[in-house]
Number of protein chains: 2
Amino acid sequence: MSKKIQLGTKILSANEEYAQQNSKLLRDKGKYCLNMISSPGSGKTTILTRTITDLRDRLAIGVIEGDIQTQLDAERIRATRAPAVQINTNGSCHLSAAQVSSALAQIPLDGIDLVIVENVGNLVCPSAFELGEDGKVVVLSVAEGDDKPAKYPAIFSKSKVLLINKIDLLPSGAIDFDIDKVKADARRLNKNIEIFCVSAKTAEGMDGWYEWLIKAVSRSG
Amino acid sequence: MSKKIQLGTKILSANEEYAQQNSKLLRDKGKYCLNMISSPGSGKTTILTRTITDLRDRLAIGVIEGDIQTQLDAERIRATRAPAVQINTNGSCHLSAAQVSSALAQIPLDGIDLVIVENVGNLVCPSAFELGEDGKVVVLSVAEGDDKPAKYPAIFSKSKVLLINKIDLLPSGAIDFDIDKVKADARRLNKNIEIFCVSAKTAEGMDGWYEWLIKAVSRSG
């Protein structure tokens, strides 16, 4: 007699258990947690370093960095003097809740208000793995094109916030990117998504994101 | 008695079998096949539409389009009058050799010299799944940053060609991208990799890529 084994379900459940533990730990300690997801090179780390620096007097942020290889991103975060734990997935295309669990044990949680997990650069796989976060933030750079919500709907459906980054590249006219189309497509997938158009390089538009962040953290405390 | 089941190995082997069938079919028909891989929005489809158009009199190209959702990319290819088959993976983060096998059955192989498979936008997972191709082409847009070979080494290690795209964005000075560093990092991972700096938008640098492509196809015939 052959038996069908539900492999996919089993693997997700193991992740789900760790995610629930992470969520309970963060709730018990009163810490807010975001899971930041995007393609490689959309500017997640630059958004984080500017956010940490600009909000230094209002919000203590700790970062869990997910990368396949290298400590480069954690080093960039530590240069802001914020605590950062680097996870190297050694080939895996997303962070697992188990990896985040061990990183949470290494980060000085008592000294921070907000944990931001910077996931592996990948617009697809990370959206399927809950880490125990309070919400997801998807980052899309204008250089990636305005068809991305239509082509990669899952992450736009599941995110609390969409940051449209690198808007400083638009005035030159070298990039065709219809912001209104992206906003409409993202809201069709997710009517509650908050959208901020920003340049982490020049700081344009970052204020709206900061206000959202401060409100979200204060509501959770 | 407990037994360890080698799940990963088993799944890769099933893919490997289809990949070998695809490779044999392509070899028997004398067709060259490339597997194009990059992050979302690096410009794969624009590279393809310009390549198809510019080489129209020298090379007949057919395209297999992989996307999670939508027919958008196949429609862009068909606008050049080249044959295109769209595969929608419905959530999966890479093309499988089985999906390419069924697409090869739908594409008019006898009328074309070269099949280019445009994989799902993802710099990680597609590198682990052979499709039966003769070689991989990795595309990196300058907007994604010059740390990508270090952070995502697998695909740079395995590719025959690296296309550094969107170089038209560099003269404005808005983007920090050190081409020499990317070339050195890529060659450290893969000493034989061919590197072309191109703009699929303005056509700058495309000639070198075209020459490589024509030579590769003629050697295989």
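Colleague: What makes you say that the two copies meet through the same surface?

Modeller: This is a predicted model, and in it 100% of the interface residues of chain B are also interface residues in chain A, so the copies meet through the same surface. In number, 32 residues of chain B are in contact with 32 residues of chain A, where contact requires C-beta atoms that lie within 7 Å.

Colleague: Which helices supply the side of chain B that touches chain A, and what is its make-up by class?

Modeller: Helix H5 (148-151) and helix H6 (153-158) of chain B each supply at least two residues of that side, and H5(B) gives the most, with three residues. By class, the side of chain B that touches chain A has 15 nonpolar, 10 polar and seven charged residues.

Colleague: Why is the relation between chain A and chain B called a two-fold axis?

Modeller: Chain B can be laid on chain A by a turn of 180 degrees with a shift of 0.0 Å along the axis, and the RMSD is then 0.0 Å; that is the relation of a two-fold axis.

Colleague: What confidence does the predictor attach to this?

Modeller: The model scores ipTM 0.85 and pTM 0.90, while chain A averages a pLDDT of 94, with 94% of the residues scoring at least 70.

Colleague: How do you know which strands of the sheet in chain A are the edge strands?

Modeller: The open sheet of chain A has seven strands in the order E3-E2-E4-E1-E5-E6-E7, with parallel pairing, and strand E3 (84-88) and strand E7 (194-197) each pair on one side only, which makes them the edge strands. Neighbouring strands of this sheet are turned by 20 degrees against each other on average, direction ignored.

Colleague: What makes E5(A) and E6(A) a pair?

Modeller: Pairing requires at least two bridges, and strand E5 (residues 135-141) and strand E6 (residues 161-165) of chain A have five, in the parallel sense, so they count as a pair. Within this pair, Leu140(A) has Ile164(A) of E6(A) as its bridge partner.

Conventions. Residues numbered from 1 in each chain as written. Chains lettered and ligands numbered in written order. Predicted model: local features only at pLDDT ≥ 70, side-chain atom pairs only at ≥ 80, totals over all residues. Least-squares fit on C-alpha atoms with pLDDT ≥ 70 in both. Helix = DSSP H or I, 4+ residues; strand = E, 2+ residues; numbered from the N terminus. Nonpolar A, V, L, I, M, F, W, Y, C, P; charged D, E, K, R; others polar. pLDDT = per-residue confidence, 0-100. Axes fitted to C-alpha atoms, helices over the stretch in contact; angles between N-to-C directions.
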